[in-house]
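Colleague: I am new to this structure. Please show me how to read it, one feature at a time.

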Amino acid sequence: MSSGLILSSAYLGPISWWQALAKAESAVICTAEHYVKQTTRNRCRILMPDGPQDLVVPVCAAAGHTPLSDIRISDHGQWRHHHWSALRTAYGKSPFFEYYADDFAPFYERRYEFLADYNEALRQLVAQLLDIDTPTTIVADNYLPPTPLPTPDQRPYYQVFAQRLGFQADLSIVDLLFNLGPEGILYLTKT
């Protein structure tokens, strides 16, 4: 097992992010880093019927070098409704979507002011659902460079649209959770 893992905050992060967290002895999520556009900090990739699609949490314009902890979520458009509709379309027929839907729905109803808070609340939920108990600390006042993530795992697992699209690796953790349910932890921790 690794120890001293440092991660960037992520919106429903990719499976490789969660594999690193699940295998770590402890972890730090640094929100003092400067916000970087077009990263997993505010986007995740899911598998729709016609292929992978990114879901992006809109943020208020940030001046250069704004710490992630200060990035505000924009209420522009109806992104919460669009994200929840996309998740229902992508995973509504997966084995565990209905089982977890009530856990995730409030995140697309309630408004969060800061992206880091939203990501952390979702991280706590997913960790609880997958029984990941890695002690995790949030650091917002001191920049720590993130640990490089391992190469994304390419081992196939059941995906609703795999027969049509082939297996898609390193999607958002919700892909693994909605398709494998509680057994997702076995996928994450197997070396």
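Predicted model: local features only at pLDDT ≥ 70, side-chain atom pairs only at ≥ 80, totals over all residues.

Colleague: How many helices and strands does the chain have?

Modeller: Helices (H or I, at least four residues) and strands (E, at least two) are DSSP runs, numbered from the N terminus. Here the chain has seven helices and five strands. Their order from the N terminus is β-α-β-β-β-α-α-α-β-α-α-α.

Colleague: How do S3 and S4 run, and how many bridges join them?

Modeller: Two strands pair if DSSP finds at least two bridges between them. S3 (residues 43–48) and S4 run antiparallel, joined by six bridges. They form a hairpin with two residues between them. Within the pair, Leu47 is opposite Pro52 of S4.

Colleague: Where is Val57 found?

Modeller: Val57 lies in the loop between strand S4 (51–56) and helix H2 (79–91).

Colleague: Is Val57 buried or exposed?

Modeller: Buried means under 20% relative accessible area, exposed over 50%, partly exposed in between (1.4 Å probe, protein chains only). Val57 counts as buried because its relative accessibility is 0%. Of the chain's 191 residues, 50% count as buried.

Colleague: Which residues is Val57 in contact with?

Modeller: Contact means heavy atoms within 4.5 Å. Leaving aside neighbours within four places in sequence, Val57 is in contact with residues including Tyr11, Trp79 and Tyr118.

How values were computed: Residues numbered from 1 in each chain as written. Heavy atoms only, no water.
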